[in-house]
Protein chains: 2
Amino acid sequence: MLKETLLKAWWESWEGTRRGDEEREVEGLREYLTSADRLAVVTGNEDKLRAVNKVLRRFGLPEAEMIRVPTEMADATPCPAIFKAIMGVQVSDADVVIARGRLGVPGSGAMTVFMDARCRLLTAALSPPHVLHEMSVKEAMEREAEEALRRLGMRETTSR
Amino acid sequence: MLKETLLKAWWESWEGTRRGDEEREVEGLREYLTSADRLAVVTGNEDKLRAVNKVLRRFGLPEAEMIRVPTEMADATPCPAIFKAIMGVQVSDADVVIARGRLGVPGSGAMTVFMDARCRLLTAALSPPHVLHEMSVKEAMEREAEEALRRLGMRETTSR
């Protein structure tokens, strides 16, 4: 499904007829997320995993498992959040990999990324640098995971 | 300056002592942005350029020039917003390149990215897919540019 969407959008871009995201493309992403069997979070921290799972549950998604990797290595890349997710994709069988890392250079704040099993970037959410907000890492990760799902039009199926 | 920040942060990550963004790292990014002589926006659209310049002016930054490239080509990459900025860096002399593009796959919404002359990702801001919000591209770009600056703690020096 996503492969057809991408191909079609590429041809549109190439022909200069692309006019932004279409409703059925966004719907396709929601369907992909809600039909995923295995989700995983790239973290060795039980608190962060729990924070994400709390959000996933509220949106009616299955609980995520943990992918434990030396995520610090992603800090050497231009966009640690994205590369952390790519690391997770490569050492798991998950359909959706969730990772939180630095957006860019030190001081640039954080991003939580949702990626599919082919390293396709599905959605994301940002936070300001930690020193400029009052949230704990757990709170920030929860807020970002929630926003990443909401911005695709996904709705909570159960309350907090 | 950014080169020392990166090196230090990499060693901290490697040694496992990295504890998130530091105040002086964020301050360094603000200084980099406010001392930039040449800013540029990767767009061929005068309206988008004006929208960004309106924001830059409010934050006391110099006006950006236009970088006209076939940005559609970036749509073939996993994160079009970032690669559009990289395209801009490579064909300009700007100290800061601003680009807006798709976050990831079709349907994943948009991101505005601020990048330095060495493709370092300084800050960014996201919008939901266009079909889910009511804003024009111009409004969305203005909002994202503003948020990208604000999230680093930058303040407007003049009012709207």
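Predicted model: local features only at pLDDT ≥ 70, side-chain atom pairs only at ≥ 80, totals over all residues.
Residues are numbered from 1 along each chain as its sequence is written, and side-chain values use heavy atoms, with hydrogens and water left out.

To set up the view, select 1-34 of chain A as domain 1 and 36-153 as domain 2; these bounds come from an automatic or database domain assignment. Their centres, taken over C-alpha atoms, are 23 Å apart.

Next, show the contacts (heavy atoms within 4.5 Å): 9 residues of domain 1 of chain A meet 12 residues of domain 2 of chain A. Together the two domains bury about 970 Å², with 69% of it on carbon and sulfur atoms; that is accessible area (1.4 Å probe) lost on putting the two parts together, summed over both.

Now pick A:Leu29, A:Tyr32 and A:Leu33. In domain 1 of chain A, these three lose the most area to domain 2 of chain A, together 60% of what that side buries.

Finally, colour the helices (DSSP runs of H or I, at least four residues). On the side of domain 1 of chain A that touches domain 2 of chain A, α1 (2-15) and α2 (23-34) each supply at least two residues, and α2(A) gives the most, with 6 residues.

Notes: Chains lettered and ligands numbered in written order.
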